[in-house]
Structures are given as C-alpha cells and as structure tokens.
Amino acid sequence: QMNYKVVVAGAAGGIGQPLALLLKQNPLVTRLALYDIAPVTPGVAVDLSHMDTPAKVTGYKGPEELPAAIKDADVVVIPAGVPRKPGMTRDDLFNTNASIVRDLACCVAQNAPKAIMAIITNPVNSMVPIASEIMKKAGVYDPARILGVTTLDVVRAAAFIGDINGVDPCCVTIPVIGGHSGVTIIPLLSQSQPAVKLSDQEKIKALTQRIQEAGTEVVKAKAGGGSATLSMAYAGARLAGSVLRGLKGESNVVECAYIKSDLTEAPYFANPVVLGPNGVAKNLGYGTLNAYEQELLKAAIPELLKNIKTGVDFANKC
Ligand code: APR
C-alpha cells in the first residue's frame with residue numbers, strides 16, 4: 001500500500017499548521033486530515049488544498065467530527081494541547097493535555113486501531129504512557145505503534161554541533177536518548193558523527209545543558225508568545241515522514257523516539273529505533289556511554305519514572 005492517510009490532531013495550532021504545511025509537501029501523504037477544535041480548521045484545510053501537491057486535504061472541526069478524521073488513518077500525529085508560557089514547566093501542562101491525549105487515543109482505538117501515533121503534546125514523557133494505557137484498556141495495544149516525538153532534541157543537537165564544528169548540520173548524526181524534558185534529555189555527544197570539536201569537559205557540559213534547556217531558550221525568546229512551534233513542526237514532519245518510509249518498506253529508516261522499552265529501569269525510554277512496516281521494528285539501544293553520560297542517565301531515570309507514573313496513574317483514573 002503506497003496510499004497513506006495522515007491525521008494531524010491539533011492542526012490549527014502553532015505547531016499543527018506548519019506541520020500540516022510540511023506534510024502537504026510529502027509525496028508519500030495521499031490523504032491529510034486536519035483535526036482541531038478551533039473554528040479556523042476547515043479554512044486551514046482549504047488553504048493547504050490550493051497547493052499543487054498530491055495530498056488531498058480535509059478539515060474536521062470539533063469532537064463530533066473526530067471519528068471521521070481518524071477513520072482508517074495510517075499515522076496520527078498529535079500536537080493538540082496547550083503550550084508552555086514563561087515560567088511554566090512542561091509538567092504544568094499536564095492535566096489539560098492529559099485529557100486531550102486520552103480522548104484522542106480513545107478515538108484512535110475505535111477508528112484506526114492499527115494507526116501509528118506520534119505524540120508531540122507535552123509532557124511527552126507522560127503522554128506516551130497515557131496513550132499506551134488507553135490502548136491497553138481498549139484491547140488494541142501495540143507498543144510498536146506509539147511513539148513520543150523526541151526528534152526536536154536530535155535536530156537541536158545537530159544544529160548546535162553543526163555551528164560548533166562549522167559543518168552543515170544535516171551531516172551531523174547524534175543520538176539523544178532518555179525522554180523529552182530537562183534532565184531526561186541525554187545527548188550522547190561522545191557518539192556524535194563527526195566528533196564534536198570541543199576541547200574540554202566543561203564545554204561538553206555546557207552544550208549538554210543547552211540541548212536540555214533549548215525548549216526554555218525558545219519560550220524565553222518568544223516572551224509570552226508560546227513555545228517552539230516551527231522547529232517542532234519540522235521535527236514532527238521529519239519523524240512522520242520516516243514512519244511513512246518505514247510503512248512503505250524502506251529499510252534502515254532510523255530515528256530516535258520515546259517508546260515502550262526494557263533497556264533501563266524506565267519502562268518508556270527514547271533512543272534510536274528502526275522504523276518498519278508496523279512501526280518500531282527494532283530497538284537499537286544506545287551503545288556505550290562515557291562516565292559523564294552514565295551520570296546523566298542516572299539523573300534521568302528517577303525523573304522518567306516519576307513522569308511515567310504520573311501518566312499511568314492518570315490513565316487508570318479514567
Ligand atoms: N482536540 C484537538 N485540538 C485541540 C484540543 C482538542 N481537545 N484542545 C486544544 N486543541 C488545539 C488548539 O485549538 C490549538 O489549535 O491544539 C492546538 C494547540 O496549538 P497552540 O495552542 O498554538 O500550541 P502549540 O504551540 O502548537 O503546542 C501544542 O505541543 O509542544 C507541545 O507543549 C506543547 O503541548 C503543547 C502542544
């Protein structure tokens with residue numbers, strides 16, 4: 001099947017609109033369904049439908065139109081939610097966003113149980129467990145089909161290393177493992193290809209912290225105007241594109257993603273995975289960590305466990 005339906009849930013938002021724009025340009029997307037509660041959504045779909053690319057774009061507005069939006073989807077990308085304001089952590093978003101992801105996952109379970117969900121809504125560390133628990137309750141859980149989008153962490157790391165090394169960032173390969181907030185973001189700078197041109201450990205530490213706090217760098221710079229949207233849309237579109245390439249049978253499609261995992265004590269963990277015809281085909285693990293990276297992992301695990309428990313507890317209350 002080379003005929004893919006991709007849904008963007010939260011398509012009218014700061015991430016959703018540029019994400020839809022990028023997906024409309026992907027030749028693998030034949031049907032693009034835009035769902036949001038915002039009244040502008042059908043108009044966003046009409047706007048994009050005037051582009052001369054093959055994807056047929058349809059807008060769906062409000063919960064009564066959600067099942068039709070989701071029906072027969074191959075990939076559901078979820079940026080629906082409320083974004084961070086200055087001073088807010090990703091966890092402050094929890095309750096609102098948790099309910100949104102719960103309801104979307106329920107609808108996916110009923111209308112497209114085989115769809116691959118790519119979750120952007122924060123806190124991603126908790127949202128993936130929520131969607132997983134909801135799919136379990138519905139009896140359609142497949143851990144290979146639920147991914148938390150951590151691609152932006154990889155994209156940022158590559159951009160920063162490209163700058164430092166004075167090379168094109170798209171030639172930089174750098175695994176970022178763990179989760180998608182603060183100390184759970186673990187860039188494996190020792191595995192960067194090409195090697196990061198930084199002489200001492202202090203500078204490695206500073207770069208690590210910049211990658212971990214890059215979301216906050218955007219929130220501050222936008223001064224009340226929201227969090228990362230354009231770079232997130234780029235990252236989401238890249239991940240969704242890789243998922244589609246995997247579905248279509250392309251080999252060696254590798255992306256970092258936050259998935260169900262048994263590599264560490266944390267039952268969900270991000271690292272490079274191979275994407276295939278059924279979602280995650282293989283977990284590539286994270287190779288050898290140096291002493292500093294082991295320290296980062298040690299700091300990340302308790303935070304991940306806490307975030308995961310918050311998600312699971314929320315889902316079990318539903
Ligand atoms: N169903 C669908 N869409 C919804 C729902 C819902 N129940 N609730 C809100 N939305 C939509 C909003 O109408 C809006 O169009 O989600 C969109 C969110 O867009 P923005 O408010 O612009 O937020 P954005 O910056 O895109 O961030 C969205 O992604 O990175 C995360 O932390 C971020 O969780 C936040 C999410």
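Helix α4 passes helix α5 in a right-handed crossing. This is a predicted model, so read the numbers below as computed from it.

**Helix α4 against helix α5**

- Two packed helices are described by the angle between their axes and the distance between the axes.
- Here, α4 covers residues 94-111 and α5 covers residues 124-138; their axes come within 9 Å and cross at roughly 35°.
- On the α4 side, the contact is made by Phe94, Asn97, Ala98, Val101, Arg102, Ala105, Cys106, Val108 and Ala109.
- Facing them from α5 are Ser126, Met127, Ile130, Ala131, Ile134, Met135 and Ala138.
- Sorted by type, the residues of this contact come out as 13 nonpolar, two polar and one charged.

**Around the ligand**

- The ligand is surrounded by 20 residues, and the closest are Gly14, Ile15, Asp36, Pro79 and Asn97.
- Asn97 turns up in both places: it belongs to the α4 side of the helix contact and is among the closest residues to the ligand.
- On its own the ligand has 730 Å² of accessible area, and the protein covers 83% of that.

- Most residues other than glycine have a negative phi, and most peptide bonds are trans.
- Asn122 to Pro123 is a cis peptide bond, with omega near -5°.
- Pro123 sits in the loop between β5 (116-119) and α5, the helix that α4 crosses.
- Gln193 and Pro194 are also joined by a cis peptide bond, with omega at about -5°.
- You'll find Pro194 in the loop between β8 (185-187) and α7 (201-212).
- Asp72 isn't a glycine, yet it has a positive phi of about 65°.
- Look for Asp72 in the loop between α3 (66-70) and β4 (75-78).

Note on methods
Residues are numbered from 1 along each chain as its sequence is written. This is a predicted model: local features need pLDDT of at least 70, side-chain atom pairs count only at pLDDT 80 or more; totals for chains, interfaces and linings use all residues. Side-chain values use heavy atoms; hydrogens and water are left out. Axes are lines fitted to C-alpha atoms, for helices over the stretch in contact, and angles run from 0 to 180 degrees between N-to-C directions. Helices (H or I, at least four residues) and strands (E, at least two) are DSSP runs, numbered from the N terminus. A crossing is left-handed if the near helix is turned anticlockwise from the far one by less than a right angle, and right-handed if clockwise. Contact means heavy atoms within 4.5 Å. Ala, Val, Leu, Ile, Met, Phe, Trp, Tyr, Cys and Pro count as nonpolar, Asp, Glu, Lys and Arg as charged, and the others, Gly among them, as polar. A residue is near a molecule or strand if one of its heavy atoms lies within 4 Å of it. Accessible areas come from the Shrake-Rupley method with a 1.4 Å probe; for residues, only the protein chains shown count as cover.
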